[in-house]
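Please look over the following model and work through the questions below it, which go from the pairing of the chains to the make-up of one of them.

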2 protein chains.
Amino acid sequence: MNMEEVRAEFPVLEQLAYLNAGSIGPLAKRTAGAMAARLAAELEGGRGAIAQFLDVIEIRGRVRAALAATIHAPAEHVALTNSTSDGCALVLAGLGLGAGDEIVTTDVEHFGLLGPLGVSEARVRVANVRDRPAAEAFDVIRAEVGPRTRLLALSHIAWTTGHVLPVRELKEETGLPILVDGAQSVGAVPVRVEGFDFYTVSGQKWLCGPDAVGALYVADPEVLRIARPSYFAQDGFEADGSFTAREGTLRFDSGWIAPASLLGLEAALSGLPDWRFERAREMAALCRERLAARFDMVTEPDQATLVSWRAEGDAAEACVRAWEQGVVIRDLPGLGWLRASCGYWTSEGDIERLLSALA
Amino acid sequence: MNMEEVRAEFPVLEQLAYLNAGSIGPLAKRTAGAMAARLAAELEGGRGAIAQFLDVIEIRGRVRAALAATIHAPAEHVALTNSTSDGCALVLAGLGLGAGDEIVTTDVEHFGLLGPLGVSEARVRVANVRDRPAAEAFDVIRAEVGPRTRLLALSHIAWTTGHVLPVRELKEETGLPILVDGAQSVGAVPVRVEGFDFYTVSGQKWLCGPDAVGALYVADPEVLRIARPSYFAQDGFEADGSFTAREGTLRFDSGWIAPASLLGLEAALSGLPDWRFERAREMAALCRERLAARFDMVTEPDQATLVSWRAEGDAAEACVRAWEQGVVIRDLPGLGWLRASCGYWTSEGDIERLLSALA
């Protein structure tokens, strides 16, 4: 697939400079097509025959394998979830940390991770990396680790600064269990989860899947309690709710997902160009370079696919003005920052439209 | 809307005797149409502009109000969930019962409730109502209640026997907190949640909504800890994950739901015929009467809209044979029972087809 073919797959790009995959990605024709076809089939043929349920089980297996491939994990270590938030909640509830335990996180996390941390009984220690150079993150986070630390919980790529956080180095240095929020990494940059304990995947962002689909990688399912068993958690149960857990990480599947969403995600994950990561990186670099000539940048060079900068004036208003000119970016509430997301589908023209819209 | 118009709204009824709303309901044209229209709009116009997010918040409000109306609850006491299972899990995790506490349930519950009960630290006491007359259920369940009982957790209508359980009487008699699994009641029979503490709604069954949508009624949100905060749980948060809880039951919203699914559910809940409960009851009564002439019935007369009977021979095979003749029912694994679900859309012809398919 060449660039022209890629652009043609995403109709939204004909109308808009769509630079917000960090919130939610563009939809491809094949993705929407797979969803619409399933919906039409369900309208005519129903959703409730045994054969249809068995079919869904098979589809879940295929989507699990496809998601696992995006993070280079064995499929049996991947649970199907609704989101990164969902995955973080499963991990925190399953670890059941107590009042004497500590979790180390950073000040650039999304509420999808922070919420589950906040309701954990453990003490949360926050490393302040946001207003420091990216190169200092390792030392700042490492300094929060102590004898009571039971978990490191942080993003691979920060949704605000766009910086790559040293998750691999922290794991190797401390040997502690680590939960990596992969919302801004999977599909944006190459990801290999080997060596991590827990890693979340968002389906609807850089993977351009339907809303409310995601995954959770668990290296060792035995270390995690099944805190929220869905029907898929068990291979048999008693009248008092005691049950035999399913093999492997499949026991953490968080519940029923609409078959149309599963098929849409499968379509989104198929036929991706080999050159996607390289291209996304180039476009992000170009976007940053062009913005840096005019704005005070937040994101340093050589990070990932998010580019953030300090707005001149009100960020929310700048965002609305850009939208009125067909450019989709977002502001980062409370920070006065703006953020553009560049994917492999991004063109130089999109970046020029962004610059014009900010003039 | 008359019967002919209702039947025309559900294309699946032209092909199949669709008698499995107890698993998942038929889809109406208006429901699929609303979903397809949203999907097409997202394909062309994207999903990530601020205006679109604000639109989704408004849609969530409308759907919350529409779901609340189905159970005669104030909208601010209703959380949007993915399913009844999801709602049960939210309640059990939020109550945080301990090892000295007891929960009373029955032996006719679905794993969607049983799973969360099973992972609670509380002791689960199971009232054996399944093989007894419906009239004995109250005494049998009441007998399990003791000084340590902290929660009654059971279905309004049992998904296996089809019997109406005495949830109202149990609440009034004991005054104990009660979690009612409404998967087989909401949309099937008139439901008023006033007086109950927690009540779950499945959107995809008798309400004929899209997959993976539901609701949870909470009478007093202050008695429930927010065990799994989604982004919608808060009105502001700190870097360590501590947050200000949103007003009312909205804080229990379990996460992002695809806008197409919300709009599909809204369409499904609109324009329902006034005569729907009466008609569904009549059809269930007719279905039971016709089956009773040939089979050993499980479901007693004058229950709700599920009709179960003991299969002659292998139930799963009977179910497949029925499917081959265009009749969708289900078997109840481990019991050797078959179950037909009758809705207001069910015709006498559907019931005749069922009888023929079982010949």
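**Chains and domains**

Q: Which rotation superposes chain A on chain B?
A: In this predicted model, chain A is brought onto chain B with an RMSD of 0.0 Å and with 0.0 Å of shift along the axis of the rotation. That is the relation of a two-fold axis, and the rotation itself is one of 180°.

Q: Which residue of chain A comes closest to the rotation axis?
A: The distance to the axis is taken from the C-alpha atom, and for the closest residue of chain A it comes to 3.2 Å. That residue is Ala36(A).

Q: Why can the copies be said to meet through the same surface?
A: The answer rests on how far the interface residues of chain A are interface residues in chain B as well. The copies meet through the same surface because the share of chain A interface residues that are also interface residues in chain B is 100%.

Q: How many residues of domain 1 of chain A are in contact with domain 2 of chain A?
A: The domain assignment gives chain A a domain 1 made of 3–29 + 273–357 and a domain 2 made of 47–268, and their centres, taken over C-alpha atoms, are separated by 26 Å. Domain 2 of chain A takes part in the contact with 20 residues, and domain 1 of chain A with 22 residues.

Q: Which element gives the most to the side of domain 1 of chain A that touches domain 2 of chain A?
A: Helix H10 (276–292) and strand E12 (306–310) of chain A each supply at least two residues of that side. By class, the side has 14 nonpolar, 7 polar and 1 charged residues. The element that gives the most, with 3 residues, is E12(A).

Methods. Residues numbered from 1 in each chain as written. Chains lettered and ligands numbered in written order. Predicted model: local features only at pLDDT ≥ 70, side-chain atom pairs only at ≥ 80, totals over all residues. Least-squares fit on C-alpha atoms with pLDDT ≥ 70 in both. Contact = placed C-beta atoms within 7 Å. Domains from an automatic or database assignment. Helix = DSSP H or I, 4+ residues; strand = E, 2+ residues; numbered from the N terminus. Nonpolar A, V, L, I, M, F, W, Y, C, P; charged D, E, K, R; others polar.
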